[in-house]
Every structure is written in structure tokens, then in C-alpha cells.
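Student: I would like to go through this model and ask what stands behind each label. Please set each value against its cut-off before you conclude.

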Amino acid sequence: EPLFRSDDDCSCNSYDKTSNLEIEKAFQGSKSKFILEIESSKYEIDFSSSMQTSLSNRKQRPIIREDVETAGAAVEFPSTWTSDTDKGEITVVSLQSSSKEYQDIVKNFKSTLLGKS
């Protein structure tokens with residue numbers, strides 16, 4: 001799982017989870033630049049130069065993309081999944097947005113990723 005950080009005078013600051021996901025999506029989409037909005041501030045992320053530029057004051061900082069190691073981490077699949085979890089194979093299925101399982105997933109997603117419940 002990749003992690004982006006900004007580096008400002010030897011202090012490395014991680015972006016929040018939501019910003020990291022947005023930056024990674026733009027990076028994986030082969031965009032050369034991406035506009036990131038954090039609260040009321042906007043920044044241009046330039047992947048080719050690995051720089052973050054504030055659009056208000058033009059201050060620049062280097063950014064770093066690190067791969068966070070997850071190898072060897074135990075992954076527990078929900079007991080309700082019916083795939084071959086011993087081999088790590090998962091089958092993607094569609095859920096109705098009105099189903100309890102879908103609603104539980106949305107609730108967990110919001111509480112863990114977005115910090116909301």
C-alpha cells in the first residue's frame with residue numbers, strides 16, 4: 001500500500017488517508033499533475049518532479065512515495081465470504097445497496113477511512 005509524504009526541512013509529514021487515496025489514484029491514472037484540496041488550501045502535486053506547490057503562495061516541498069510493506073501480514077476474511085480464502089482467492093460479487101451487508105460495509109468504510117460513522 002503506497003504512502004505519500006511531504007518533506008519540509010527534514011520533517012516528513014504524511015498526508016491524511018483520504019488525501020493519500022486521491023493522490024495514489026491520480027498517480028496510478030498516469031496523470032502528470034494533480035490538484036489536491038486540503039481544507040481551504042489547494043496544492044498542485046507534480047509527479048514528474050515529485051514536488052508539491054501551494055497554489056496560494058507558490059511554496060514548494062518535495063513529496064515522497066513509499067511502499068508500505070504488508071508482506072507477511074495475516075489477512076482475515078469475513079466468515080460470510082464464500083471464496084477459497086485459504087488460497088487468498090476472493091470472488092467479487094455485487095450487493096444491493098439496500099442489503100444489510102452493503103450497509104455494514106459502508107458504515108465500516110466511513111468509520112475507518114474517513115473517520116466518520
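**Labels and their grounds**

Tutor: Start with Ser50, which is partly exposed, because its relative accessible area is 31% and the class runs between the buried limit of 20% and the exposed limit of 50%. Note that this is a predicted model. Ser50 sits in the loop between strand S4 (41-46) and S5.

Student: What makes the phi of Ser50 worth a remark?

Tutor: Phi of Ser50 is positive, about 55°, and Ser50 is not a glycine. Most residues other than glycine have a negative phi. Arg58 is another case, with a positive phi near 65° in a residue other than glycine.

Student: Where is Arg58, and why is it called exposed?

Tutor: Arg58 belongs to the loop between S5 and S6. Its relative accessibility is 53% and exposed means over 50%, so Arg58 counts as exposed.

Student: Which class does Ser56 fall into, buried or exposed?

Tutor: Ser56 has a relative accessible area of 70%; the limit is over 50%, so Ser56 is exposed. Ser56 is placed in the loop between S5 and strand S6 (60-67).

Student: What makes the pair Ser56 and Ser54 a polar contact?

Tutor: Their side chains are joined at 3.0 Å, and the cut-off is a pair of N or O atoms within 3.5 Å, so the pair qualifies on distance. Ser56 can also be placed relative to Tyr43: the two are 13 residues apart in sequence, and their C-alpha atoms are 8.2 Å apart in space.

Student: How do you know that Thr53 is buried?

Tutor: Thr53 has a relative accessible area of 4%, and buried means under 20%, so the label holds. Thr53 is part of strand S5 (residues 51-54).

Student: What does Thr53 touch, leaving out residues up to four places away in sequence?

Tutor: Thr53 touches Lys42, Tyr43, Glu44, Arg58, Lys59 and Gln60. With Gln60 there is a polar contact between side chains at 3.1 Å, which meets the limit of within 3.5 Å.

Student: How do you know that Glu24 and Arg65 form a salt bridge?

Tutor: The N to O distance between their side chains is 2.8 Å. The cut-off is within 4 Å, so the pair is called a salt bridge. Glu24 lies in helix H1 and Arg65 in strand S6, so the pair ties together parts that are 41 residues apart in sequence.

Student: Which accessibility classes do the two partners have?

Tutor: Glu24 is at 12% relative accessibility, and therefore counts as buried, the limit being under 20%. Arg65 is at 33%, and therefore counts as partly exposed.

Student: How many salt bridges does the structure hold?

Tutor: It holds two. Lys100 and Asp104 also form one, with the closest N and O atoms 2.9 Å apart, again within 4 Å. Both residues lie in helix H2, four residues apart, about one turn of the helix. Lys100 is exposed, because its relative accessibility is 61%; Asp104 is partly exposed, because its value is 33%.

Student: Which residues make up the largest nonpolar core?

Tutor: There are eight: Tyr15, Ile23, Ala26, Phe34, Leu36, Ile45, Phe47 and Ile63. Helix H1 (17-28) and strand S3 (33-38) are the elements that give two or more residues to this core. Phe34 touches several residues beyond four places away in sequence, among them Ile23, Ala26, Ile45 and Phe47.

Student: Which residues make the nonpolar surface patch of about 340 Å², and what class has Tyr102?

Tutor: The patch is made by Val93, Leu95, Tyr102 and Ile105. Tyr102 has a relative accessible area of 32%. Patch residues need over 30%, so Tyr102 passes that limit, and it is classed as partly exposed. Tyr102 lies in helix H2 (residues 100-113).

Student: What is the overall secondary structure of the protein chain?

Tutor: The protein chain has two helices and six strands, in the order β-β-α-β-β-β-β-α from the N terminus. Buried residues are 20% of its 117 residues. The chain exposes about 9000 Å², of which carbon and sulfur atoms supply 48%.

How values were computed: Residues are numbered from 1 along each chain as its sequence is written. This is a predicted model: local features need pLDDT of at least 70, side-chain atom pairs count only at pLDDT 80 or more; totals for chains, interfaces and linings use all residues. Side-chain values use heavy atoms; hydrogens and water are left out. Buried means under 20% relative accessible area, exposed over 50%, partly exposed in between (1.4 Å probe, protein chains only). Accessible areas come from the Shrake-Rupley method with a 1.4 Å probe; for residues, only the protein chains shown count as cover. A polar contact is a pair of N or O atoms within 3.5 Å; within protein, one must be able to donate a hydrogen and the other to accept it, and residues adjacent in sequence count only if both atoms are side-chain atoms. Contact means heavy atoms within 4.5 Å. A nonpolar core is a set of buried Ala, Val, Leu, Ile, Met, Phe, Trp, Tyr and Cys residues joined through side-chain atoms within 4.5 Å. Patches are made of residues with over 30% relative accessible area and no salt bridge: like charges are joined within 9 Å, nonpolar side chains (Val, Leu, Ile, Met, Phe, Trp, Tyr) within 5 Å.
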